Amino acid sequence: MAGLATTFGSGAMTNSINEIENAQVILVIGSNTSEAHPQVARRMFTAMDRGARLIVIDPRRTLLARRADIHLAIRPGTDIPLLNAMMRVILDENLADDLFIEMRTENFYGLRDMLFRLDLEEAAGICGVDLARIRAAAQLYGRAQKAVICYCLGITQHVCGTSNVQSIANLAMMTGNVEKEDTGVDPLRGQNNVQGACDMGALPNVFPSYQQVDNDDYREKFERAWNVSLPPKPGLTLMQMTHGGKDGQLKAMFIMGENPVLSDPVISKVEETLDNLEFLLVADIFLTETARRAHVVLPAASFAEKTGTFTNSERRVQMVRQVIPPLGQSRTDADIIMDLSARLGYVMDYESPAEIMEEIAMLAPIYGGMHHDRLENSWGLQWPCWDREHDGTPFLHKYYFTRGRGRFVPAVHEPPAELPDDDYPFLLITGRIYHQYHTGTMSRHSPLLSREAGEALLQLHPEDGRRLGLRSGDMVRMRSRRGEVQVKAQLTETVKTGEVYTTFHFSEMPINLLTISAKDHFSQCPEYKVCAVHLEKV
Amino acid sequence: MHDILTTCVYCGCGCGVYLHEQRGRVVGSSPSRNHPVSRNNLCVKGWHLHEFIHHPSRLKEPLMRKNGRLTPVSWDEAMSYAARELGRVAGESNGSAVGLLSSAKCTNEENYLLQKLARAALHTNNIDHCARL
């Protein structure tokens, strides 16, 4: 999200999900949409029924890629040269929107100079894609009146994730595909409320509504509202916290509803960190791999047992309603936090979630008009929603960008931190599958979902399978420089030769023992999409 | 049987979904017909959204490590120990040795409270969640 924040000023989907079905060209890059965001994929299919053209950029031949007009099966981690090549073609063929560039953006010459130095043949070579196909994709996107770009973690989970995002933003701004309805740049958020957790300031550097903690004016505002003095220095990010190791800075942690032992890269390092804490407190609905290491585990209520709001990928804040009382002795996380806070000598006393939302509306400008009574009687409201009279914002950046002018930030290719070599000849990509979800805390407790997809599979090209003497169903020993797991092989032409794909949902096959801790310098997002592994038949 | 409209807890699409309640149990889920995202449609995870709620291995009581094992204790015992330890480490380090991970599964209100707890009560900005994963 840091990438969009620096170019547009706001790190969120610029469109609504429903606008996608009115687009003329849809460019999907680094997103397995039909498995990870089924409703968004549904809008894409509707758009295609109405005549829209689809471009998919993905190393794998996913379901969506099979239906695409153009599928560019790039080498993992080469998004920047590909996007730069597309932009160069757009420049060469006069498809850039000069008026938009002039009126709404800045630093275009920085980008243009970089593009003029680009060797198209060389860029296509780096990506492993035919230049003619790149040219066709650029022409298709460049000529569209309404074009949407959807991207996901295939873009951000690279060492150059932020630059990847900035390149996408460059492409959209250069063709004027941002400020209008049905046209924009849409990062698809992976979790039900990851957008909301960011909006609420569950981040080390910002208060709610992205107000920086090191800005004296913002800090003073919160100090006055909360009647307490606040620390001015931004805190540690997730990876800095969970990868501190034995000599880490942290001595105590409170983990609410997360499972870093399965979700974070280089699990052994996370375990070492957690095991060396003086105190670990975990609140969750199940005894997760993380909770097993805690000193105190608190039973939390599930989403069916509490009232509140979630913010979805299109910035829509909507109600979560209580259906049953908390099970057993479990309590809502809000109750747990308030109890803990009172015992720490700082009283937070709210009668209801609605009252908490009143305080959020007062302090977080983009949530200024979010009140439970308004959300109760509607399908939710999309931020920014400035006050009680405001109807919310279906698409962003109308008339001007959040940061004023959109900024072009040119980027050059940065290869992944670890590429295959003689000792570790295969490239491992990790991601999700349709029937399971994240570390499986919820989905693996669902009998039907586990029946459909109950174990981890390693997708492997049949040619590679033949070379290793593997058939579908055989066990493979997979090893990286960091760890080793055993996993069942599935031969499929979804992946290219030399590349393998698997998921991180299954604790029996903790793939993050193998993944690399290299991360984007700016957003600290780990490079889950590329690391080198060695395979052999068990 | 009651049907209560709520929001799905899996991916970022945010479908409107009805949970069916019968005698204190959530027994089914179905899509909202008019919701702008779900439009009478759910993915396989949405249709089986209710299944994990009453799973027998749900945590039902607070646990505390005693002699190396997690043992059931009262809320008061768990909370007073937790508050004492977090408060001690925060006090000794002026907040720098405490870290909090919030959750993309929790509500906005709960995320707001947790960052407020971190900043106002524990005096630290060491708070993050899994947005990057």
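This is a predicted model: local features need pLDDT of at least 70, side-chain atom pairs count only at pLDDT 80 or more; totals for chains, interfaces and linings use all residues.

Apart from residues up to four places away in sequence, Met509(A) touches Ala456(A), Val485(A) and Val487(A).

Select strand 17 (residues 457-460) and strand 19 (residues 484-491) of chain A: they run parallel and are joined by four bridges. Within this pair, Leu458(A) has Ala489(A) in strand 19 of chain A as its bridge partner.

Move to strand 18 (residues 475-479) of chain A and select Arg477(A). With 13 other C-beta atoms within 10 Å, Arg477(A) is partly exposed. Leaving aside neighbours within four places in sequence, its contacts are Glu484(A), Gln486(A), Glu536(A) and Val538(A). The C-alpha atom of Arg477(A) is separated by 45 Å from that of Val323(A), a residue 154 places away along the chain.

**The domains of chain A**

Colour chain A by its domains: domain 1 (2-188), domain 2 (194-382) and domain 3 (426-537). The C-alpha centres of domain 1 and domain 2 of chain A lie 33 Å apart. How many residues does each of these two domains give to their contact? Domain 1 of chain A gives five residues, and domain 2 of chain A gives five residues. On the side of domain 1 of chain A that touches domain 2 of chain A, four residues are nonpolar, one is polar and none is charged.

Then select Trp383(A) and Pro384(A), which are joined by a cis peptide bond with omega of about -5 degrees. Pro384(A) lies in the loop between strand 14 (381-382) and strand 15 (406-407) of chain A. Most peptide bonds are trans.

**Where chain A meets chain B**

Show both chains together. The contact takes 114 residues from chain A and 89 residues from chain B. Which element provides the largest share of the side of chain B that touches chain A? That share, 13 residues, comes from helix 3 of chain B. By class, this side of chain B has 45 nonpolar, 29 polar and 15 charged residues.

Strands also pair across the two chains. Strand 11 (residues 296-299) of chain A and strand 4 of chain B are antiparallel and share two bridges. Select Val296(A) to find Met64(B), in strand 4 of chain B, opposite.

**The nonpolar cores**

The largest nonpolar core has 114 residues, and among those with the most contacts inside it are Ala252(A), Leu281(A), Leu86(B) and Leu114(B). Helix 3 of chain B gives the largest share of this core, seven residues. Centre the view on Leu114(B): beyond neighbours within four places in sequence, its contacts include Ala202(A), Met256(A) and Ile337(A), as well as Leu100(B) and Ile127(B).

**Turns and loops of chain B**

Select strand 2 and strand 3 (residues 25-31) of chain B, which run antiparallel and are joined by six bridges. Val17(B) stands opposite Pro31(B) in strand 3 of chain B. The hairpin formed by these strands has two residues between them, and Arg23(B) takes a positive phi near 45 degrees there. Most residues other than glycine have a negative phi.

Two further residues of chain B have positive phi values. Asn94(B), with phi near 55 degrees, is in the loop between helix 2 and strand 6 of chain B. It is exposed, with 11 other C-beta atoms within 10 Å. Finally, select His123(B), whose phi is near 60 degrees. His123(B) lies in the loop between helix 3 and strand 7 of chain B and is partly exposed, with 19 other C-beta atoms within 10 Å.

Technical notes
Residues are numbered from 1 along each chain as its sequence is written. Chains are lettered from A and ligands numbered from 1 in the order in which they are written. Two residues are in contact if their C-beta atoms, placed from the backbone, lie within 7 Å. Ala, Val, Leu, Ile, Met, Phe, Trp, Tyr, Cys and Pro count as nonpolar, Asp, Glu, Lys and Arg as charged, and the others, Gly among them, as polar. Two strands pair if DSSP finds at least two bridges between them. A nonpolar core is a set of buried Ala, Val, Leu, Ile, Met, Phe, Trp, Tyr and Cys residues joined through C-beta atoms within 7 Å. A residue is buried if 20 or more other C-beta atoms lie within 10 Å of its own, exposed if 12 or fewer, and partly exposed in between; C-beta atoms are placed from the backbone. Domain bounds come from an automatic or database domain assignment.
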